[in-house]
Amino acid sequence: MPRTNVIAKAITIAKKSLQACYAKDGIYAGLTHFKEYWARDGLWTVLGVLRLGDLSMAEKQISLFINSIDADGQVPTRITSEFGLFFRLLGLPHFGKVKPLFGLNPAYFWLSGKDGRGHQGKDGGSLLAIAVSEFIKHGGELEKVKRWWPKLVKAMTWYQKHIADNLVNEDWHEGWMDSLRFRGATLYTNVLYLKAILSMEKIAKALGKNSQTWRRRYQESRSSLVKNFFNGKYLNNTGAGFSKQEPFVVDGNMLAVWWKIVTPKTARSIINHFLESGVDHPVPCRVNTPKFHHSLVPKRFGLIGLS
């Protein structure tokens, strides 16, 4: 099959699969085990939804999470009944009131010596800001965005309590690779955060508000990211601030290239390493190469093939 036909077929499948996840209040993360509203899945899909021209569904998904931000500014990790996943694994309908859930599932921390209380996903606020900026770009109603603005600012301000050296810091299982025990500043979360700051700058300009604060924050955080993550060839996964090469992670590196967070020279170095590493062969592309050290993966996750 010619390459153009393969891409066209893939787009058709992607469109059908995405629109199948449209639901009453927003967009489900999936139709089997994850038939719930997840920030890190559903807010990413807003970019595709807008490309399809489904503006009302994008607005619905954004509004769902905007209206669920708590008093401190935290965006919920997911919106579902508390034991929804448990019931679905048993093949049963879920019970209980659907509500915002902010913490991580305690199962992540079984046998670890930690109870997991206080652990929170760190990507939801960033994805929300990115989604709103894209909503404006695709013709979304500015009056609606004006009403969202105070909560958006609160969501981005929430990060300040988790910042060190202008970088967002995480603890075990808080990133999207949530089966892994990373601690400190990680690449994907901080590239998202940088894009979110740029998005806030664009939203502020669109609303006629002062955008300079966001520009300064972006410059400071970008400088810290390059200083702490770049190893001479690509961006490491953790911001240890040295040149030792860690496993190459595709997501944060390629997003940094796509969003022009790195210079053209650094972008070329990253792309060259991507091509030389063979991480994209065979299809589908692997998340990272080589594998992460086994100490980062709880043994029970490895046994069930989760990581």
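**Exercise 1. Work out what share of the contacts between residues at least 6 apart in sequence join residues at least 24 apart.**

Step 1: Take the contacts between residues at least 6 apart in sequence; 65% of them join residues at least 24 apart.

Before you go on, note that this is a predicted model, where local features need pLDDT of at least 70, side-chain atom pairs count only at pLDDT 80 or more, and totals for chains, interfaces and linings use all residues. Residues are numbered from 1 along each chain as its sequence is written, and side-chain values use heavy atoms, with hydrogens and water left out.

**Exercise 2. Find which residues have the most contacts inside the largest nonpolar core.**

Step 1: A nonpolar core is a set of buried Ala, Val, Leu, Ile, Met, Phe, Trp, Tyr and Cys residues joined through side-chain atoms within 4.5 Å. Buried means under 20% relative accessible area, with a 1.4 Å probe and protein chains only.
Step 2: Of the protein's 307 residues, 50% count as buried.
Step 3: The largest core holds 77 residues, and I62, F65, L128, M156, I203 and L225 have the most contacts inside it. Helix α7 (residues 187–206) gives the largest share of this core, twelve residues. Helices here are DSSP runs of H or I with at least four residues, strands are runs of E with at least two, and both are numbered from the N terminus.
Step 4: Zoom in on M156: leaving aside neighbours within four places in sequence, its contacts include Y193, I197 and W214.

**Exercise 3. Describe the order of the open sheet of three strands and what packs on it.**

Step 1: The order is β4-β5-β6, with antiparallel pairing; two strands pair if DSSP finds at least two bridges between them.
Step 2: β4 (163–164) and β6 (184–185) are the edge strands, each pairing on one side only.
Step 3: α7 packs on the sheet, touching β4, β5 and β6, and its direction makes about 140° with that of β5. Helix α8 (residues 212–229) packs there too, touching β5 and β6, at about 60° to β5. These angles run from 0 to 180 degrees between N-to-C directions, using lines fitted to C-alpha atoms, for helices over the stretch in contact.

**Exercise 4. Explain why the buried residues of α8 line one face of the helix.**

Step 1: List the buried residues: W214, R217, Y218, S221, S224, L225, N228 and F229.
Step 2: Look down the axis of α8: these residues fall within an arc of 140°, so they line one face. The arc is that of the directions from the helix axis to the C-beta atoms.
Step 3: Check what covers them: α6 (142–157), β5, β6 and α7 are included.

Notes:
Contact means heavy atoms within 4.5 Å.
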